[in-house]
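The following note sets out points for a colleague who is about to examine a two-part question of fold and contact. Please read the numbered points alongside the structure.

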Amino acid sequence: MADVDDELEVRVWRGGEDGAFQAFRVPRRESQTVLDIVTHIQRHLDPTLAYRFACRVGMCGSCAMTVNGVARWTCRTHVNKVARKGALELRPLANLPVIRDLVTDMREFFDKWARAGGQFRGASTRHDEFARVEPASVQRQQVDAGIECIGCGVCYSSCDVVAWRPDYLGPAALQRAFTLMADERDTAGRERLQAVAGDAGCHSCHTHMSCTERCPKHLSPTAAIAKLKTAAARAALRGEL
Amino acid sequence: MNAAARLGAWLWALQRGSAAVLAACVLVHLVTIVLATRAGLSAEAILSRTQGSVGWFGFYVVFVVALAVHAPIGLRAIAAEWLGWRGRALDLLTALATLALLAGGLRAIWGVFR
């Protein structure tokens, strides 16, 4: 652990797409997170710094940024683990338009969830009995594997394919789609498969696994996308796509 | 939308399937080359084995067809990602690459078979 009176050299992105880095010196504290650093800068050094956060405990998914070149959730990233030679470089998430400083426009990211058929559609009403889903069933386990996504955008920002073809739906939206495909109560499977198997859908994934490597919740969008590919191929071979 | 989904799924299945065939073909092809060169076979000796051989002819036809299915789908993805091509241009590229590989490959096989 560094001495608490040490200082950290922090370069922070300021402005929009054509902005530049601004350097700050921030005092080190014990168990300090990257979000603590950003908050310190805004409260004590420059109140005009724009950034997003809400829960501070890894649940809301709003504080993701690029820390020393890697997309991370900043509230649960300790400075100790990521600082290089006492320095940090903070940028907004990649693959998303920059609004200002560390804040990106996430509309496209979430619009793609909708485009991938990310809404649950069931057949039962409130008057029906609850569906009984066996917790140990394969389908339920597949849902469990992807359901904890907090929508932070780290996977989307880390994905090479999104960088190469911006219309690609991306790991988070496709994984969301897969959790619904595996949900036995859902009735929109065919439409969803058509939505995710299109031109910029699951087949564009190259299995680089950056999303899986970087996901702070340790989910595997890559696995979900692979299952979507197989499901789409099966449906196509049966003439049901 | 459905047409795009069907096409995507079919291209993926075809590329996967042809990859499995290619894995076996490449292995046989490489082992054959290594054995032939280590044994010091001359061009005439190799031709005497391939000319009229239905087995080698069939094997290399399968190889070339798998290649002509597999490679153009990859080129298509590269053109979409790196050059930003879409729709008709991609279909044309895929078709041309398939025809070129088929023509070149089959011509070569015919050359050592007849």
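1. Within strand E5 of chain A, Arg91(A) is the bridge partner of Thr66(A). This pair belongs to the link between strand E3 (residues 64–67) and strand E5 (residues 87–91) of chain A, an antiparallel pairing with two bridges. Strands count as paired if DSSP finds at least two bridges between them. Helices (H or I, at least four residues) and strands (E, at least two) are DSSP runs, numbered from the N terminus.

2. The model is predicted: local features need pLDDT of at least 70, side-chain atom pairs count only at pLDDT 80 or more, and totals for chains, interfaces and linings use all residues. Residues are numbered from 1 along each chain as its sequence is written, while chains are lettered from A and ligands numbered from 1 in the order in which they are written.

3. E5(A) also pairs with E1(A), here in parallel and through four bridges. Leu88(A) in E5(A) is the bridge partner of Val10(A).

4. These pairings are part of an open, mixed sheet of five strands in chain A, ordered E2-E1-E5-E3-E4. Strand E2 (20–27) and strand E4 (70–73) of chain A are at the edges with a single partner strand each, so one side of each has no neighbour in the sheet. From one strand to the next, the twist averages 35°; axes are lines fitted to C-alpha atoms, for helices over the stretch in contact, and angles run from 0 to 180 degrees between N-to-C directions.

5. Helix H1 (residues 34–45) of chain A packs on the sheet and touches strand E1 (7–14), E2, E3 and E5 of chain A. The direction of H1 makes about 95° with that of E2(A). Contact here requires C-beta atoms, placed from the backbone, to lie within 7 Å.

6. Chain A is divided into domain 1 (7–104) and domain 2 (107–237), with bounds from an automatic or database domain assignment. Their centres, taken over C-alpha atoms, are 29 Å apart. In the contact between them, 15 residues of domain 1 meet 15 residues of domain 2. On the domain 1 side, E4(A) gives the most, with four residues.

7. Between the chains, 15 residues from chain A and 14 residues from chain B form the contact. Helix H10 (residues 221–237) of chain A gives the most to the chain A side, with six residues. That side has eight nonpolar, four polar and three charged residues. Ala, Val, Leu, Ile, Met, Phe, Trp, Tyr, Cys and Pro count as nonpolar, Asp, Glu, Lys and Arg as charged, and the others, Gly among them, as polar.

Notes. Contact = placed C-beta atoms within 7 Å.
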